[in-house]
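Keep the structure in view and follow along.

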Amino acid sequence: MNARAHRIKVREVVSETAEALSLVFDIPDDLTRRFAYAPGQFLTIQVPSDRTGSVARCYSLSSSPHCDDRPTVTVKRTPGGYASHWLCDNIAAGSILTVLEPAGSFVPRSWNRDLLLCAAGSGITPIMSILKSALCVGRSKVVLLYANRDPGSIIFARQLRELVRRNPRRLTVLHWLESERGIPSARGLAGLVKPYRGHEVYLCGPTGFALVAKQALAQSRISARDIRQEEYRSLTENPFEQPAPVVTTAVRPAGDIASVRVEIDGHTHRLSWPRGAKLLDLLLAHGIDAPYVCRESACGTCVCRVERGRTRMLMNEALIDEELARGLTLACQTLPESDDLHITFDQ
Ligand SMILES: Cc1cc2nc3c(=O)[nH]c(=O)nc-3n(C[C@H](O)[C@H](O)[C@H](O)COP(=O)(O)OP(=O)(O)OC[C@H]3O[C@@H](n4cnc5c(N)ncnc54)[C@H](O)[C@@H]3O)c2cc1C
């Protein structure tokens, strides 16, 4: 069992639209610190299955740690999907779910810059957390571009109207409804985002929307460096059920093995690191409680910093150039290059 998994009670289920609902969690006092989260992060929920024992799915927190009392996720039914339907059909107030601690790097680093938030459908959930937090703790302007099928499918429609009413000078909400304007086009979206060049962009939505939104941002000469994107996909790995990997150093020649000092959760570990072993596998094989969810480089949960030495990543979908320049790396994809390394986890 993943050491970061906890059984958490659902306090309330809120119907948002015909296809989406929010699960409000009751975090027990002894887990408050572990469930502290940043706007834009997600929880990973274990959903039982007759076929596979269970599946794991990520759901972004739609609540704001700055202005909402309890962590809340919002789940929208995926057509033909499994876990989203199971959650919508089976969870009620009082249900207990097994949930991993908050994770993810789709998080603004400061609230100083004006924000352009682009969302479609259920992509609104991390965006809503960022939007509410920016209004709560920052002073900058926030523009939300929000695409949906029709008025009935707009998640948080009422809350957004209320936020605009309370923050008329700071918050602008631009809706794109397919029922009125057709599928979003790069040209159409560019017309809407062009005035907001210079804003920092956070983008979350289905692949088709993300693609045209990025074209629109490029056409509006908004720099790729200013754009952060969260991609929704179902996990193929199951962090709740995975056995710890076996990494052996026993029969390797010395040159095949680097040495690493790892600082994590206030502890320091000195380990031999076989050159073919990924850092996360090495840590888990030694029983070290390293954070992870997807193990595919996408979620950013296992991010850590190389303080000394050189490493390389097999894949990287989560970190941007600026983060790589700061020495950040994803433990699930990191192999050693130098002989002597020092790595820290900043939990
Ligand atoms: C960082 C992140 C944040 C996200 N945030 C949100 C969010 O806030 N809101 C939201 O709605 N979504 C969110 N998602 C998407 C979410 O994690 C799921 O991908 C989405 O709910 C679809 O899952 P699903 O199981 O319903 O559909 P699918 O994954 O499309 O379901 C089909 C899959 O389930 C398998 N399957 C079918 N039946 C069974 C069975 N009985 N047992 C086992 N497997 C079966 C199939 O083989 C197939 O692989 C997020 C994703 C990520 C990565």
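Arg295 is buried, because its relative accessible area is 16%, and buried means under 20%. This model is predicted, and that applies to every value below. Arg295 sits in the loop between helix 7 (279-285) and strand 14 (303-308). Its backbone deserves a look. Arg295 is not a glycine, yet its phi is positive, at about 60°. Most residues other than glycine have a negative phi.

Look for Arg221 in the loop between helix 6 (207-219) and strand 11 (227-230). Is Arg221 buried or exposed? Arg221 counts as exposed because its relative accessibility is 63%, and the cut-off for exposed is over 50%.

Stay with helix 6 for a moment. Thr207 lies in this helix. Thr207 is exposed, since its relative accessible area is 61%. Now find Tyr232. Thr207 and Tyr232 are 25 residues apart in sequence. In space, their C-alpha atoms are 8.3 Å apart.

Next, turn to the ligand. The shell around the ligand has 24 residues, and Ser49, Cys58, Ser84, Thr125 and Ser234 come nearest. Which elements give two or more residues to this shell? They are strand 3 (42-49), strand 4 (53-60), strand 5 (72-76) and helix 1 (83-90). Strand 4 gives the largest share, 5 residues. By type, the shell divides into 8 nonpolar, 10 polar and 6 charged residues.

A polar side-chain atom of Ser234 lies 2.5 Å from an oxygen atom of the ligand. In the side chain of Ser84, an N or O atom is 2.6 Å from a ligand oxygen atom. Thr74 takes part through its backbone: a polar backbone atom of Thr74 is 2.9 Å from a nitrogen atom of the ligand. How much of the ligand does the protein cover? On its own, the ligand has 1000 Å² of accessible area, and the protein covers 79% of that.

Strand 3 is one of the elements in the shell, and Thr44 lies in this strand. Thr44 is buried, because its relative accessible area is 0%. What does Thr44 touch, leaving aside its neighbours within four places in sequence? Its contacts are Ala56, Arg57, Cys58, Thr98, Val99, Leu100, Leu235, Pro239, Phe240 and Val293. One of them, Cys58, is among the residues that come nearest to the ligand.

Now move past helix 1. Ser95 lies in the loop between helix 1 and strand 6 (96-103). Ser95 is buried, since its relative accessible area is 16%. A polar atom of the Ser95 side chain lies 2.9 Å from the backbone oxygen of Ala92. Beyond its neighbours within four places in sequence, Ser95 is in contact with Ile8, Lys9, Val10 and Asn90.

Helix 2 (residues 124-137) is the next stop, and Ser133 has its place there. Ser133 counts as buried because its relative accessibility is 0%. Leaving aside neighbours within four places in sequence, Ser133 is in contact with Pro39, Ser64, Pro65, His66, Trp111 and Gly138. What separates Ser133 from Gln159? They are 26 residues apart in sequence, and 14 Å apart in space from C-alpha to C-alpha.

The largest has 27 residues. Those with the most contacts inside it are Val260, Trp273, Leu279, Leu283, Ile343 and Phe345. The elements that give two or more residues to this core are strand 12 (257-264), strand 13 (267-274), helix 7, strand 14, strand 16 (328-330) and strand 18 (340-344). Helix 7 gives the largest share, 5 residues.

Zoom in on Leu279. Apart from its neighbours within four places in sequence, Leu279 is in contact with Trp273, Cys304, Ala331, Thr334 and Ile343. A second core is separate and has 25 residues, including Leu115, Leu117, Leu163 and Leu177.

Key
Residues numbered from 1 in each chain as written. Predicted model: local features only at pLDDT ≥ 70, side-chain atom pairs only at ≥ 80, totals over all residues. Heavy atoms only, no water. Helix = DSSP H or I, 4+ residues; strand = E, 2+ residues; numbered from the N terminus. Buried < 20%, exposed > 50% of the residue type's maximum accessible area, 1.4 Å probe, protein only. Near = heavy atom within 4 Å. Polar contact = N/O pair within 3.5 Å; in protein donor to acceptor, adjacent residues only side chain to side chain. Areas by Shrake-Rupley, 256 points an atom, 1.4 Å probe, with all protein chains shown as cover. Nonpolar A, V, L, I, M, F, W, Y, C, P; charged D, E, K, R; others polar. Core = buried A, V, L, I, M, F, W, Y, C linked by side-chain atoms within 4.5 Å. Contact = heavy atoms within 4.5 Å.
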